[in-house]
Number of protein chains: 2
Amino acid sequence: MGHDTDEERTGPPPGPAPEAETSPEEPPSPVVRRRRGAPTIYDVAQAAGVAPSTVSRAFSRPGRVNSDTANRIRQVAAELGYRTNPMARALATTHTGLLALVVPDITNPVYFEIINGVQDEAAEAGYTVLLVDSRESDTRERQALERALPIVDGIVLGTSRMSDAAIRMIAKQKPMVALNRAVREIPSVVPDNSRGVRRALEHLGELGHDPVTYLAGPEASWADGMRWRGLREASLELSVHVRRLGPLSPTVAGGVAAAKAWLQTRTSGVIAYNDLIAIGFIRSVTARGVRVPEDVSVVGYDNIFASDLVTPPLTTIATPRRALGAAAVRNLVAQIRGAQPRVGPPVVVPVKLVERESTGPRL
Amino acid sequence: MGHDTDEERTGPPPGPAPEAETSPEEPPSPVVRRRRGAPTIYDVAQAAGVAPSTVSRAFSRPGRVNSDTANRIRQVAAELGYRTNPMARALATTHTGLLALVVPDITNPVYFEIINGVQDEAAEAGYTVLLVDSRESDTRERQALERALPIVDGIVLGTSRMSDAAIRMIAKQKPMVALNRAVREIPSVVPDNSRGVRRALEHLGELGHDPVTYLAGPEASWADGMRWRGLREASLELSVHVRRLGPLSPTVAGGVAAAKAWLQTRTSGVIAYNDLIAIGFIRSVTARGVRVPEDVSVVGYDNIFASDLVTPPLTTIATPRRALGAAAVRNLVAQIRGAQPRVGPPVVVPVKLVERESTGPRL
DNA sequence: ATGAAAGCGCTAACAA
DNA sequence: TTGTTAGCGCTTTCAT
């Protein structure tokens with residue numbers, strides 16, 4: 001990028017390489033192949049005695065070329081240390097091989113397995129994942145997405161903080177699948193929220209708890225809506241009464257806040273919107289002399305890493321986050337490869353109850 | 001990429017736009033600007049009545065162009081919805097604006113803040129971060145890095161599992177800075193390990209504990225080496241005896257394993273290689289009737305998220321991980337911008353002791 | 001300050 | 001099956 005002494009080129013324009021065409025005044029340079037930068041298909045082509053396009057084919061669609069020549073080309077390429085240039089390929093194909101995964105907070109343990117699931121499935125399909133952390137800010141989410149958009153082939157949008165409209169806006173620019181949130185007209189994959197809370201209530205019911213308090217999540221949360229709805233239904237079917245307490249911030253602090261309110265109207269059973277709230281709740285009531293699970297049984301949600309570390313270990317609903325991520329990627333890749341985005345109902349993946357020590361029979 | 005009916009082009013080759021040059025046999029198409037895909041500098045140039053190169057300058061180096069024309073161009077560009085194409089730019093400049101951040105395990109809370117620090121600082125410098133999770137496997141680390149290498153402008157290598165030789169190999173292909181590990185000849189930024197353990201020992205010493213057991217980290221860990229070394233030195237200066245127990249896996253399980261051994265030779269003070277080990281240790285000894293901190297005071301290391309959630313909350317050494325990440329990026333960006341990689345000693349960032357409830361006076 | 005034109009390295013018609 | 005030839009959209013000399 002700046003040499004002005006360049007004369008002989010190795011590139012495409014001049015036909016079959018101008019042999020000894022050193023320009024008159026130039027200091028005679030040794031006949032050196034390649035001037036700077038990495039070797040290109042032209043270098044390989046020349047060394048292998050084939051056309052550049054053949055080299056290109058040998059790499060981008062093996063099978064479209066005689067296996068003998070292909071082998072020779074690969075051989076030569078290896079010797080020269082040739083590596084295909086992703087930028088050039090991207091410019092020509094408009095495909096980068098990059099997938100964006102957007103999450104509201106990398107720090108949130110809930111996303112670990114989702115990330116892993118996405119990464120693995122993506123790698124399998126030959127894609128690299130660009131992780132976008134929006135830090136719970138829809139502005140940042142939008143900006144980061146804006147930056148990523150032009151360089152990715154598709155987007156996995158996890159637990160977005162943006163409006164449905166904004167999401168759909170972006171979805172028409174690139175293939176997308178929503179995770180942990182169902183967005184109309186956009187392929188979505190979500191955990192079985194209603195089944196999850198149902199299992200929790202069932203569990204508490206079997207232990208003799210009734211009524212049960214639901215420590216609700218953030219107001220705008222799609223998941224919270226689904227869970228509360230599921231809880232109401234389950235309440236009817238199982239004949240266990242449920243109360244709602246919230247909305248709460250989905251954090252330890254949120255749980256602490258919930259504890260204050262709960263102390264007024266104690267129920268022996270509690271289901272939290274997520275593990276963080278459950279943990280904050282338990283810590284707070286414990287500090288006030290309430291015993292868990294003797295005085296109150298609490299069920300968390302998500303089965304995050306820390307839920308097995310706290311005292312007592314938390315009974316919780318485990319969501320198959322890895323599977324969730326993988327399913328999203330499969331769907332996304334299918335879209336990229338040309339499949340019509342399926343506008344049907346969201347893909348629902350199953351959840352399960354993990355019994356630990358924060359729940360016990362009513363005394 | 002497939003239309004074979006294209007005739008009139010909007011692109012560069014033809015000079016000042018062939019007015020009504022519809023070819024003889026072609027069905028007369030309406031005078032439609034732009035055929036497909038996003039608008040390019042050529043579209044903007046034409047609409048603004050300037051040359052493509054001027055549009056390019058207006059965006060890539062403002063100031064190199066008359067501010068009036070620049071404004072007009074930006075105006076027109078906005079109207080047309082023009083966005084510069086990163087792939088094309090990358091191909092032309094060999095710069096992608098991407099930085100790779102490699103960590104051994106996204107799941108490990110230690111990396112949260114590092115990641116955030118890196119992201120923020122990178123964003124500030126106009127870069128986007130490609131997070132590479134090697135899952136504690138040097139093979140995976142190498143492969144992922146291999147994929148990322150050609151598309152990034154530089155690499156922040158966090159706690160690498162690769163050999164020094166392998167690291168140096170990669171470092172000569174792209175600018176790099178090592179994090180949490182000092183690699184000779186490569187700019188590195190590390191937390192003040194020796195100061196950290198010294199503070200821990202000091203704290204325990206003040207509380208009257210002597211001797212103190214060090215629950216060592218993984219054998220191959222660079223950080224563990226530094227910490228143990230620092231501990232020996234501090235031991236001398238502070239006149240507090242230290243024993244070493246390990247190596248241990250840097251996990252909760254590792255701490256459980258350590259507990260078994262510790263029960264034979266109880267010391268009233270314990271310093272763990274990291275918080276996870278400390279947590280496992282505490283849980284395990286507590287289950288055997290040992291009280292924390294009455295019977296044993298334990299200091300963790302890292303101050304991960306969960307360390308404030310366990311019972312009792314963990315006294316620990318907080319490493320300024322966000323600052324660590326930011327420092328690494330600053331250094332890296334400087335390198336990319338042409339600065340010589342500084343081969344001096346690693347940049348060391350300070351740490352501090354966070355007192356919580358897992359330590360107390362010797363009884 | 002602006003324009004003209006030559007690439008950057010690869011893919012994809014089209015032809016042979 | 002392979003070669004020829006245009007581009008992909010932007011940057012960057014070199015002129016003007």
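In chain A, Ile41(A), Tyr42(A), Val44(A), Ala45(A) and Ala48(A) of helix H1(A) meet Pro52(A), Thr54(A), Val55(A) and Ser56(A) of H2(A), where contact means C-beta atoms, placed from the backbone, within 7 Å. Helices (H or I, at least four residues) and strands (E, at least two) are DSSP runs, numbered from the N terminus. This is a predicted model, in which local features need pLDDT of at least 70 and side-chain atom pairs 80 or more, while totals for chains, interfaces and linings use all residues. Residues are numbered from 1 along each chain as its sequence is written, with chains lettered from A and ligands numbered from 1 in the order written.

The axes of H1(A) (residues 41-48) and H2(A) (residues 52-60) come within 8 Å and cross at roughly 105°; axes are lines fitted to C-alpha atoms, for helices over the stretch in contact, and angles run from 0 to 180 degrees between N-to-C directions. That makes the pair roughly perpendicular (65 to 115 degrees; under 35 is roughly parallel, over 145 roughly antiparallel, the rest oblique). The contact residues split into seven nonpolar, two polar and no charged (Ala, Val, Leu, Ile, Met, Phe, Trp, Tyr, Cys and Pro count as nonpolar, Asp, Glu, Lys and Arg as charged, the others, Gly among them, as polar).

Over in chain B, H2(B) (residues 52-60) packs against H3(B) (residues 67-80) at about 90°, with the axes 10 Å apart. Thr54(B), Val55(B) and Ala58(B) of H2(B) touch Thr69(B), Ala70(B), Ile73(B) and Arg74(B) of H3(B).

Between the chains, the contact takes 26 residues from chain B and 26 from chain A. On the chain B side, H4(B) gives the most, with five residues.

Note on methods. Two residues are in contact if their C-beta atoms, placed from the backbone, lie within 7 Å.
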